[in-house]
Amino acid sequence: MTTVETATVDKEDNTNTPYSVVVNVTIKNVHNELVDLSELNFELKNETGEMSNEGKLLVNDPSKMQVKPNDSTTLNVSFEVPSIEEEYMFYIHSSLEPIPAHWKIDNLNQSVS
């Protein structure tokens with residue numbers, strides 16, 4: 001089970017990509033075995049699907065990469081984007097099990113100054 005908690009945007013200084021979108025997502029292991037989150041891939045697409053960005057996990061604690069049965073962990077996933085769109089779709093791809101859900105990320109432009 002996966003839940004998007006928050007999404008924020010930061011304006012990056014001194015980089016070619018001026019914005020960083022960070023999605024805070026909680027993942028619960030509903031299986032009976034240990035799940036390794038390193039096999040997950042994260043994607044952020046704009047409204048039209050023409051622009052796709054691959055996410056990077058911001059993990060300081062490697063133990064958060066494995067989730068015991070019935071436990072959960074919260075991850076921060078960072079996406080470097082050239083501009084802030086009205087709306088994005090956030091996807092998680094798994095090679096072990098399909099994740100059919102996706103989440104709408106919007107109102108990010110309200111936090112950009």
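The model is predicted: local features need pLDDT of at least 70, side-chain atom pairs count only at pLDDT 80 or more, and totals for chains, interfaces and linings use all residues. Residues are numbered from 1 along each chain as its sequence is written, and side-chain values use heavy atoms, with hydrogens and water left out.

Start with the open sheet. Its 4 strands follow the order β1-β2-β8-β6, with antiparallel pairing. β1 (2-11) and β6 (56-57) are the edge strands; each has a single partner strand, so one side of each lacks a neighbour in the sheet. Strands here are DSSP runs (E, at least two residues), numbered from the N terminus. Two strands pair if DSSP finds at least two bridges between them. In general, strands of a sheet pair through backbone hydrogen bonds, either parallel or antiparallel.

β6 pairs with β8 (residues 72-81) in the antiparallel sense, over 2 bridges. There, K56 stands opposite S78 in β8.

Now move to strand β2 (residues 19-28), which holds N24. Is N24 buried or exposed? N24 is buried, because its relative accessible area is 19%. The cut-offs are under 20% for buried, over 50% for exposed, and partly exposed in between (1.4 Å probe, protein chains only). The N24 side chain makes a polar contact with the side chain of N76, at 2.8 Å. A polar contact is a pair of N or O atoms within 3.5 Å; within protein, one must be able to donate a hydrogen and the other to accept it, and residues adjacent in sequence count only if both atoms are side-chain atoms. Residues up to four places away in sequence aside, N24 touches T3, V4, E5, T6, T74, L75 and N76. Contact means heavy atoms within 4.5 Å.

Next comes β9. Strand β4 (residues 40-46) and β9 pair in the antiparallel sense over 7 bridges. One of the links sets L44 against F90 in β9. β9 also runs antiparallel to β10, joined by 5 bridges. Here Y91 has H102 in β10 as its bridge partner.

The loop between β9 (87-94) and β10 (102-106) contains I99. I99 is partly exposed, with a relative accessible area of 28%. Which residues does I99 contact, leaving aside neighbours within four places in sequence? They are L40, I92 and S94. Finally, compare sequence with space: I99 and M1 are 98 residues apart in sequence, and their C-alpha atoms are 9.3 Å apart.
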